[in-house]
Amino acid sequence: MQLMNPEDLERPVRAGTFLLLSALFAFLLTSNRIDLLIIHGHSWTIAAAAAFLAILGLNELWGFFTGRRRAQDAATCSHSHSHPHHSHHPQPCDCLSNRIAPKRVKRLCVNALIFMAPVLLGFSTTPAVFDASAALHRGLKMNLLSVAPRHPVGSLVELSGFVVRWEELPPNEMAVTRFVVSCCVADAVPVGITVRHPEAAAYPTNSWVHVKGTVQQESRPTLEQGGSEPHFFIQAYLITAIEKPEQPYLCHDH
Amino acid sequence: MFVLLDWWSTFTTIFLSIFCEAFPFLALGSALAAAVHLFVPEKAIAKILGKKGIGRYLAASLAGLIFPICECAIVPLGGSLMRKKVPPSVVVSFMAAAPVVNPLVALSTLTAFKGEVSVVVVRMGLAFVVAALAGIFLHSIGIDRDSPMRPEQLAEQRPVQRPEQRSEHANARTHSHINSRTHSHTHTHAQTHAPTNSNRKSLGLFLSITAEELFSAGRFLAIGAAVAAIFQIIVPRSVLESVAPNPFAGTATMMSGAFLSALCSEADAFVAASFKNLLPVGALMGFMVYGPMLDIKNTLLLMATFKKNFVIAVIISITVITFCTVVGFSLV
């Protein structure tokens, strides 16, 4: 039996790939980095996937060291030749390996390499937290208050978020913003609220603030062209600079 | 340089987040596909599907109500169903509808639109119509005539459990080399070789088929996630808003946006809801009906499983039918 049959390679390569992915998921979970990628409520899917991948990987290893190519390759041969009866021979047939070996090995290598992208990136990079420029890029919606329970005009509110600014914004105003995530950060929607305070300019863009103030309403153009929402803002009486929270994203609970 | 670094870290974040979100579901889909392959006999599926005719397309388009499966998990399962002799056009109806017409998506849509039942009803209704029409159309152009599976998928076709074996030897389900067609032969064969550790073997077989399926599909998920991340970085979401009022351009833009941003079908309603007051309902429907049926990641998954011509036919028909249905809806 030649060592370089593609069948000999497939199971250990799959095993290695799955074990690495399993390790990646376990790493993302234990380092809490996963909370910056998908919502906390979905973490269990990552835990389940890590366990399942480990089982798949170990099974492939086990199959490699014991049964070799029992399952798949017996079928490959019998199907491609459509023998009505395939003898019970224990040694794997080498009928296909010579003909399609190079193509198969190439595909195998490319596959494994592609899987290495998430593995390498996942281990080596800390997930970025979306900031003010991302908020503008993703189309900031000025309806943070409607995410929380309704607040009538004049009521006291307290909220925290990071500071976003754009050119037309007067110096005594800033947009206090949060990203709302429903499954993974790829679907994050930025929502903000205008906060007015004489010293608003003292809080730099992207810094995190805690705001206490009253809800006010006025008629003025919104960020979006032709936006027709009633424009609410918060007249702040107290702004405190705070640390970026450990979970910077808000989650929709389904 | 700084900007470049910024882009790179945003790219890796979005890429990893899509990959991590979708991979567990792809694994689930692969496991389901392997289970169907090994343990569900063709006859049982044929029985459930019932007679020929339009009824089976309607049934396939409603199957998601019972099997709420998202768009990543559904492709391996679809391939597995086709290997079980389910007509490809029926599988297309099922694959298109199940990620939208299902209770979980209905619930998340309801939450996203703050209890507006009409949005949920319209979304489900349009998706149902599109999926059924796409299946019927593909059947009528003769897509069912030959197998849409990719050649290597056929070559790698695995041992199949024959219904006869299953009914008589529920525990001896591992014999890949039992290839006999006749009932009596199967019977004797299975008896003489009934292994003592058959359960363990069949678990091993299940796992290795799942592994094979997941390994071949997973790379496409990785590529799809990368393309979606690049799109999200390059194109500001506000571009989608700029085309607003025109039903044709609006729908087309929102459909392209849904295709390229590759959001999962439970999440896209929330993104659509953020456009609520800026775009007409029709454009939002384009986003929410088309996105779960086809996006960059599951198109690549389709290509992993099916022949190129089949994938192209599926994409064109679903795209055109969705566009017409949604535009028709917004003009009414």
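Val86(B) lies in the loop between H4 and H5 of chain B, where helices (H or I, at least four residues) and strands (E, at least two) are DSSP runs numbered from the N terminus. The model is a predicted one, in which local features need pLDDT of at least 70, side-chain atom pairs count only at pLDDT 80 or more, and totals for chains, interfaces and linings use all residues. Residues are numbered from 1 along each chain as its sequence is written, while chains are lettered from A and ligands numbered from 1 in the order in which they are written.

Beyond its neighbours within four places in sequence, Val86(B) is in contact with Ile45(B), Leu49(B), Leu81(B) and Val91(B), a contact being two C-beta atoms, placed from the backbone, within 7 Å. Val86(B) and Asp144(B) are 58 residues apart in sequence, yet their C-alpha atoms are 9.5 Å apart in space.

Two packed helices are described by the angle between their axes and the distance between the axes. For helix H4 (residues 71-83) of chain B and helix H5 (residues 88-97) of chain B, the axes come within 10 Å and cross at roughly 160°; axes are lines fitted to C-alpha atoms, for helices over the stretch in contact, and angles run from 0 to 180 degrees between N-to-C directions. H4(B) is therefore roughly antiparallel to H5(B), a label for angles over 145 degrees. Ile74(B), Val75(B), Gly78(B), Leu81(B) and Met82(B) in H4(B) meet Pro88(B), Val91(B), Phe94(B) and Met95(B) in H5(B).

Strand E1 (residues 156-164) of chain A pairs with strand E4 (residues 208-218) of chain A in the antiparallel sense over 7 bridges; strands pair if DSSP finds at least two bridges between them. In this pairing, Glu158(A) stands opposite Lys212(A) in E4(A). E4(A) also pairs with strand E5 (residues 231-242) of chain A, in the antiparallel sense over 11 bridges, and here Val215(A) stands opposite Ile234(A) in E5(A). Of the 254 residues in chain A, 37% are buried.

Technical notes: Angles under 35 degrees count as roughly parallel, over 145 as roughly antiparallel, 65 to 115 as roughly perpendicular and the rest as oblique. A residue is buried if 20 or more other C-beta atoms lie within 10 Å of its own, exposed if 12 or fewer, and partly exposed in between; C-beta atoms are placed from the backbone.
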